[in-house]
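Thanks for coming, everyone. Please look at the screen, and I'll walk you through what is there.

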Amino acid sequence: MSTQTTHPATEAAAPRLTRRQRARLSLGVQYALGIAVIGLLAFMTDWATFSAAFLRFDILERMLPRVILIGLVNTIIYAALAFIFAFVVGLLLAVMRLSSVAAYRWFAGAYVEFFRGVPALVVLFMVAYGIPNAFPGFQFPGDKYGMVMVGLGITAAAYMAETFRAGIQAVPKGQLEAARTLGMSHTRTMATIVIPQAFRVVIPPLTNEMILLVKDSSLVYVLGVTAAQYELTKFAQDFLNRSVNATPLIVAALCYLAITLPLSGLVRRLEARYAKAR
Amino acid sequence: MPTQPIPAPGSHAISIRNLKKSFGSNEVLKDISLEIEPGEVVCIIGPSGSGKSTLLRCVNLLEVPTSGTVLVGPDEVTHPDADLDRIRRRIGMVFQSFNLFPHLTVLENLTVAQIKVLKRRKEDAIATARLNLHRVGMSHKEDAYPGQLSGGQQQRVAIARSLSMEPQLMLFDEPTSALDPELVGEVLAVMKSLANEGMTMVIVTHEMAFAREVADRVVFMDGGYIVEQGLALEVIGNPQEERTQSFLHRVLNPMVIDAAEVIEAEELSTA
C-alpha cells in the first residue's frame, strides 16, 4: 500500500516533462554521445597514416584486372558449385526427413544435426584431406573445384535441407488432400503440387544461403590452391604479404559486397513479392 | 461381430457399416451405418463437432476409420489392399477451403489430374476442362490464378475440377461455410444444377434452405451418431427427435436466445 502512495509523490517532485519532451531529450543525448565518440576517434587518428594503410591506389592499380578476372570469378564459381551440390543434396535430405521410412528420417536428421554443428572449415578439411586418403587414387572431378563443391556443399546442404523441409511443411495440408482426392499418388502429389509451391516459399532463404556460400568460399584459401584457382580472400592475402598494406583486403571486401549486396536486394524484393502474393 | 449379408456389389453408391473413428481418446464417430443410392442427394446436418465432416472424409479415406467398412460402389475402401488412388478418381470432393492449386491457372487446375492420373491427351483434357468451366459459369477466367478469384468463383472452379475427373459421386464438405454471404448463392446454384443432372451427392452443410429444397434425404448427426434421417421436408419441417428439434430451432432462429438453454449449457460446462 505504502509504495503505491509514494509513487505519485516522487513523480510530482521531479521536473514535469511531457512525454514528447522526454523523447526529445533522450534523442538529444544519444546524438551528443555519438558525435562525441566519432569526434574523439577522428581527433586521435593520424589520417595520412590511416589512408596509407587502407587505401593505396597504386596497390589497387596493380591488383586490377586480375582481382576481378581471377579472384571475383573464382569466388562466384566456388559458391555456385557448392550451391548446386547443396541444393540437390538438401532437397533429397528434406524429402528423406519427411519420409515414412524411419531409417531415412533418422539418417537425414543425423546428417543435419552433425553438419550444422561442425564448423564449415573442419568439414572442408575433412573432405579435402580425408577423402583422397580414404579412397586412394580418387580424384575430385575438376580437382580443387570438385573438392570445394563437395567440401562447402556438404555443410550448406544441412542448412538447405531444413529450409526445404520448412517450405514443404508450409504448404497447407488441404493442398495434399485435394491432390490425393483427384487420385494422385503421394509421389506425384509431392512432385506436381507440393514441391513447386514449397519453392516459392524457400527462394528468399535460399538466396540468403547463396550469400553465406559466397562468404564461405573464402575458406578455400586453406587448401593450397594454384594462382589460377585463387578466390578473393586468397588473392587479397597474397597481395597483403607482398605490400604489407591493408588495401587488398578493402578491395576484396568491396568485391564481396559487389556480389552480396545485389543478392540481398533480390531477397528483399522476393520477400516483398511473396508477401503480396499471399 | 456376426457376418452381415453383404449387398450385391454396386447396388449402393456408398455403403457404410458400423463405422467408428477415434482421434486418440476422443471418439468422433460411434457406430455409423448409412447407405446412399446412385443419383441420390443427401445432406448431412448437425451441430459442429458432431462428426459430419469426419464421416464424409472416411468415405474417401482422407481419415482412416478405426473400425467398420465403407464400400463405394463395389469397392471396399476400407480394405487394406484397396487401390485408393484408383477409387478416389471416381469420388469428387469439394472442400470448405476450396484447395485450388495456387501455382496453377484455373485451366491447369482442371487439367493436371486428367493428364497425370487419367493419362488423357492434353487437348482432350483441355476440352473436358472447358466444358466443365462452362457448366459452373467460369469460362471467362480460365487463364486466371486462384488468388485472383473471389471465394465463390474459387469454389465453382473447385467443383469444375472435380467434375473434370468425371466422378460417379461427389462429396461436399461445408462448401459454402468459408464464403461471404453474398457469394453463397452462386455456389449453391451450381450444386443445385448438378443435383438436377442426377449426380450422386453427399453434402455436409449448414444451409437449411438448400437442404430442404435440393436434398432427397437429410441425415441429422449429433455426438457421433445418426440421430434422425428421412425426407428433407420431414426432417427439417417436422423433426421427431428432441435433439433435431433443438438444433433446427437454434439454426433457423439464430437471434432467439433461449435463456433456459444457456443456463443448462453453463451448468453442464461447470459440472
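Start in chain A, at helix α6, residues 102–117. A:E113 and A:R116 both lie in this helix, 3 residues apart, about one turn of the helix. Their side chains meet in a salt bridge, 3.4 Å from N to O. By salt bridge I mean a side-chain nitrogen of Lys or Arg within 4 Å of a carboxyl oxygen of Asp or Glu. Side chains of opposite charge can pair when their charged atoms come close. Over all chains, the structure holds 21 salt bridges.

A word on the ground rules. This is a predicted model, where local features need pLDDT of at least 70, side-chain atom pairs count only at pLDDT 80 or more, and totals for chains, interfaces and linings use all residues. Residues are numbered from 1 along each chain as its sequence is written, chains are lettered from A and ligands numbered from 1 in the order in which they are written, and side-chain values use heavy atoms, with hydrogens and water left out.

Helices (H or I, at least four residues) and strands (E, at least two) are DSSP runs, numbered from the N terminus. Two strands pair if DSSP finds at least two bridges between them.

Now the sheets of chain B. In one open sheet, 6 strands run in the order β6-β7-β8-β3-β9-β10, with mixed pairing. Its edge strands are β6 (91–94) and β10 (225–231), each pairing on one side only. Inside the sheet, β7 (residues 169–173) and β8 (residues 200–204) of chain B pair in the parallel sense over 5 bridges. There, B:F172 stands opposite B:I203. Helix α1 (residues 52–59) of chain B packs on this sheet, touching β3, β6, β7, β8 and β9. Contact here means heavy atoms within 4.5 Å.

Move along to β9 and β10 of chain B. They run antiparallel, joined by 6 bridges. B:M221 stands opposite B:I226 in β10(B). The two strands form a hairpin with 2 residues between them. In that turn, B:G223 has a positive phi of about 60 degrees.

Another open sheet of chain B has 4 strands, in the order β2-β1-β4-β5, and the pairing is antiparallel. β2 (26–36) and β5 (75–76) of chain B are its edge strands. Between β4 (residues 67–72) and β5 of chain B there are 2 bridges. B:L71 has B:E76 as its bridge partner in β5(B). And α1(B) packs on this sheet too, touching β1, β2 and β4 of chain B.

Last stop, the interface. How much area do chain B and chain A bury between them? About 1700 Å², 61% of it on carbon and sulfur atoms. Buried area is the accessible area (1.4 Å probe) that two parts lose on being put together, summed over both. The contact takes 22 residues from chain B and 18 residues from chain A.

Charges meet here as well. Across the interface of chain B and chain A, the rule finds 2 salt bridges. The side chains of B:R57 and A:E177 meet in a salt bridge, at 2.6 Å from N to O. On the side of chain B that touches chain A, α2 (84–89), β6 and α3 (106–116) of chain B each supply at least two residues.

Notes
Axes fitted to C-alpha atoms, helices over the stretch in contact; angles between N-to-C directions.
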